[in-house]
Amino acid sequence: MQRFTVNIKLPARTLTGALSAPNRGAADWGWQGLIAYGCHSLVLIVDANTAQTLQVLERHKASVVKVKWAKENYHHNIGSPYSLRLASADVTGKIIVWDVATGTARCEIQEHAKPIQDMQWLWNQDASRDLLLAVHPPNYIVLWNADTGTKLWKKSYAENILSFSFDPFDPSHLALLTSEGIVFISDFSPSKAPASSGKKVYISSPHSSPSHKLAAAMGAKKALDKVKILISNEKPSAESVTLNDCLQLSYLPSKRNYMLLLYPREILILDLEVNQTVGVIAIERTGVPFLQVIPCFQRDGLFCLHENGCITLRVRRSNCSITGTPNEEPDPDPVQELIYDLRSQCDAIRVTKTVRPFSMVCCPVNENSAALIVSDGRVMIWELKSSISGRNMRNSSSASPLYSPVSFCGIPVGAFQNKIPDLSLDNMIGQSTVAGEEQLKSSFLQEVHLKFLLTGLLSGLPLPPFAIRMCPPLTTKNIKQYEPILAVGTSNGSVLVFHLTSGLLHKELSIHSCEVKGIEWISLTGFISFATSTPNNLGLVRNELQLVDLPTGRSIAFRGERGNDEPAIEMIKVSHLKQYLAVVFKDKPLEIWDVRTCTLLREMSKNFPTATALEWSPSHNLKSLRKKQLAAREAMARQTVASDTEVSSVESSVISLLQEAESKSELSQNISAREHFVFTGADGQVYHLTVEGNAVKDSARIPPDGSMGSITCIAWKGDILVLGDVDGNLNFWDLKARVSRGIPTHRSWVKKIRFAPGKGNQKLLAMYNDGAEIWDSKEVQLVSSLRSGRNVNFRILDVDWCTSDKVVLASDDGCIRVVDLSMKPSCFRMDEQDLIEPAWCPYLLVPRASLALKAFLLHQPWNEKYSLDIINIDYPENENIKNLLQEQLNSLSNDIKKLLLDPDFTLLQRCLLVARLYGDESELHFWTIAAHYLHSLSQEKPAKPTDTAILQEQLVNPLDICCDILCENYYFQKFQLERVNLQEVKRSTYDHTRKCADQLLLLGQTDRAVQLLLETSSENAHYYCDSLKACLVTTVTSSGPSQSTIKLVATNMIANGKLAEGVQLLCLIDKAADACRYLQTYGEWNRAAWLAKVRLNSEECADVLKRWVDHLCSPQVNQKSKAILVLLSLGCFTKVAEMLHSMRYFDRAALFVEACLKYGTFEVNDDTNKLIHAVYADYARSLKLLGFKQGAILFASKAGETGKELLMELKQPKEEVTQE
């Protein structure tokens, strides 16, 4: 166990245990790479990679119900550094925004006194990043500025709001889950409250629908077709309404306008364009119900948590089924569904009354690991691992195979290049939607299987009550081998041993079969603990007293066969020299034992008074005994020297006796010194006894003090003896001056009093029913006090001293806290902690250091050498910071180090990897799209006929649909057609049919649109209109005059407010470009972009999107970051570099320029050169600000003329030094 240097200063910390019921939903995994979860009124911060608790935030007075990490979706620089911000909300409606690294509260927010139902930080990066939206019960949503705590606006709704979800593709859209249904808000903005009360739709619960009764008989496949409508605008009739048992609603981040509803036995996927269920994941009758689901962003997958604690991953099956061999009959009736196949599942936990899964969180950066938080305080971290399977290993399951992606970190890589297949979900499985015939022919696709692996486990304390005891204190003699160890006895009979420098569990020893009532240490590595069973009808119990050796874990029954059917042990006390043990019983005289030989020295006689309190005296005669021993040794030495001279016979006989005694004492390692103890009888009399060797002598009695009640505890240190009684009086006796002084504390029964360790330290810790106090016994003054219900909301169960200035408290909320003398529970600074394993978290560094570290990783190689030793770099910060940076670098995993040191690992891949390491959301989106288009557009340039392979590669490796408008046009069109097909299969009412027909017309699928239009029944009011429309669509391809008429009609319609109908007509006559222009004029920017992507050729489409970019950049819209992504997808790289530079994103601009130059996508002329130099010079300046000199010189030298002055400035001091 000797792993630590001696750290006498113990950090204040909290060891936590089981969670309380309101903590169920309070968990979040941030982009910062840390997991936060609520435990009673505390918030714990856990590092997912090393499974260590980094911080415990204590300020809430009530149970925490929600925690949310701030988003990292913005550009980071010195002004807006990487920092750990977290919002937590409790049952009383208080929200605290934390600066996690220092453990301080940035602001506190309070609106109503009811538990917060839900809260989220706003994700849109161009808005302020301090905005927090919260649901205050019953029906308010409030937008807060979480930096200042000011309320921006408040809005109430008609029903009770349960939770909400932001649309990940449109910051103005929000859906509220209410007690009756769903409310869609489409005019959400940070600047003012939504004006409308939203569009309300009702959910008829799937359980009340008749499909459920049929499901059992017909099997899932047919049942899915039956769950047609779930969403209606009318309120469902009374008999069909069961209570809304929808557990959760959330938008799918992997594709636009889809929503997921979670019920205990099914997950419904809704297409919001037609408000229709297009996919159902149902659980069979014997399956385990769902608790929670987290949809993925990078691939269309779902992490599901079940009631038995099992986490499953389901991934959407691709539409073109390629499982069948060509000569088989195709399925005559393929079910048109979004089907999510179960791809992987982890082990379940044992669920009992007190142990249930509480919540699951998933890593937002890589989406390849999930953490399960269990009600008993355990956190289990499961990671997905992919393994490549051979072709012949195909299993016969219906699920289509998953393939590993072609690219790694955004760029296609060869078979021999370094890569980490498990880096993130999109690096594990490629897109499934494009798997077609061409793909199977190409051999470079490898099939993968996924499995969950448990990579981290944190366990909490068991349920209270606890008995705690700190090991003997640090002295000058034991400083070499001292370890600050705390023993915790629990109600199930085990003793937990914690190491307090790290707060980690060192050993768990199952020693007893019933509740541990007390522990006493007999050395630094051994203790005696006792436990008593529940009394039988005679009031007798089984007593267990065990002597435990910590290094080996061996335990011995200390009292041998004794212990059955006797009165309960009240307490045990070990003497100061750890020689003797006094065992005090309830209704039976005490016993004195010898600890070293485990023998009973004396059992007091029946008429001996029963002890109510007992304490050993700190004085003993060890020193005088040692002196005698030394004298004997000297005599022996004299005898051996003088053996040639005659020695008187008397002296030699004495020496032989001494030698005998000496050898005996060598055996027992110790001389039996005389020790004293005092105890009080029931009558309040104080008895004083001495123990020497195996004799126990009664020496004095002191009559009771009239002012004291029955004495409950005694403490003795130096010349001061303190007695506590049942009425809360403390009596201080000064034995030297022979004075006593009584202090009434008015705190009822004194449960325990203990002196602090350390020479001359006369502080005294007293524990009462309702808390604890620290007294200074020299001055007889109160130092600090803690009272349950007044300044804390927990009850104290046990107390002890940790060090001379730290106290450890065990409380009934299942926590053990190490606190300082003020006894105020507090958070600590994360940088003051000693972690056993260093954790990668650049957020903990000071802002300059974290940004310098990033630059160091990005601009490898330095001095022509790839290295991760920052010590060799010219970075003139103080040594401490350099060492911290080096520690961070060392804590990276070997796989990642290997990649960073690989010369073939390109700059773009490096940028993506570092964005992932830093959990920087905005960088990740930017570099994903930049890498994709820089790579694919630079490949297109050499257009030779032989380049079919490259085109093939593009077909196989498009941007996934989660990028929405940023995808390649052909892929976007394909996706939209598939979507309409599905809507068409699912339609059930005339409205749906009409919506499908409209979509088909816009997509140019005229034949199918006509079929749908002709389906209108003759009773329908729109029958005539639809029939005529069908005729029009079939004949429209004819002459010019008809076209001009249609165009005229369309423009009139648009002018008179029928925008959608006019746009349809324009699309019929292939005037989609005009249609887009009209849509943009009327503010339908997203619709126009959609239409351009599906109908226009690339030049026309680019025009439409460029107009959209100008609109996004305008000050009233201010979505420049989105505009940049659109420009990237159009290949306007020079414009992107200019915009990044004008937005002062110097680091991103410089890296992007460098990547463009590598790929040759910049046209080289004076203007671009000027831009490149300006970008490099500004970046060099910002590196200089960070104090990262070598980086600044590197970029200043690349900046040509612009960087000359700066370069001179940077090199100046060096020359001066050399001249000296």
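This is a predicted model: local features need pLDDT of at least 70, side-chain atom pairs count only at pLDDT 80 or more; totals for chains, interfaces and linings use all residues.
**Stop one: a patch on the surface**

Select Lys477, Lys623, Arg626, Lys627 and Lys759, and you have a positive surface patch. Now pick out Lys623, which sits in helix H4 (residues 622-641). Lys623 has a relative accessible area of 67%, so it counts as exposed.

**Stop two: aromatic rings**

The whole structure holds 23 aromatic pairs. Start with Phe558 and Trp593: their ring centres are 5.4 Å apart and their planes meet at 50°, so this pair is tilted. The two come from distant parts of the chain, 35 residues apart: Phe558 is in the loop between strand S41 (554-557) and strand S42 (569-574), while Trp593 belongs to strand S44 (residues 591-594).

Next, jump to Tyr1176 and Phe1195, an edge-to-face pair with 5.4 Å centre to centre and 65° between the planes. Tyr1176 is part of helix H24 (residues 1166-1185) and Phe1195 is part of helix H25 (residues 1189-1198), so the pair ties together parts 19 residues apart in sequence. Both Tyr1176 and Phe1195 are buried.

Before moving on, select Tyr580, Phe608, Trp616, Phe677, Phe679 and Tyr687, which make up one aromatic cluster.

**Stop three: salt bridges**

There are 51 salt bridges in the whole structure. Arg979 is buried at 4% relative accessibility, whereas Glu273 is partly exposed at 23%.

Now show Arg747 and Glu773, which meet in a salt bridge at 3.2 Å, N to O. Arg747 is in the loop between strand S53 (739-744) and strand S54 (750-755), and Glu773 is in strand S56 (residues 771-776), 26 residues apart. Arg747 is buried, with 2% relative accessibility, and Glu773 is buried, with 5%.

**Last stop: a network**

Which residues are linked in a network of salt bridges? Select Arg559, Arg562, Glu566, Lys588, Glu591 and Glu603 to see them. Zoom in on Glu603 and Arg562, where the closest N and O atoms are 3.6 Å apart. Glu603 is partly exposed at 40% relative accessibility, and Arg562 is partly exposed at 36%.

Note on methods. Residues are numbered from 1 along each chain as its sequence is written. Side-chain values use heavy atoms; hydrogens and water are left out. Patches are made of residues with over 30% relative accessible area and no salt bridge: like charges are joined within 9 Å, nonpolar side chains (Val, Leu, Ile, Met, Phe, Trp, Tyr) within 5 Å. Accessible areas come from the Shrake-Rupley method with a 1.4 Å probe; for residues, only the protein chains shown count as cover. A salt bridge is a side-chain nitrogen of Lys or Arg within 4 Å of a carboxyl oxygen of Asp or Glu. Lys and Arg count as positive and Asp and Glu as negative; His and the chain ends are not counted. The place of a charge is taken as NZ of Lys, CZ of Arg, CG of Asp or CD of Glu. Helices (H or I, at least four residues) and strands (E, at least two) are DSSP runs, numbered from the N terminus. Buried means under 20% relative accessible area, exposed over 50%, partly exposed in between (1.4 Å probe, protein chains only). Rings of Phe, Tyr and Trp (its six-membered ring) pair if their centres lie within 6.5 Å; planes under 30 degrees apart count as stacked, over 60 as edge-to-face and the rest as tilted.
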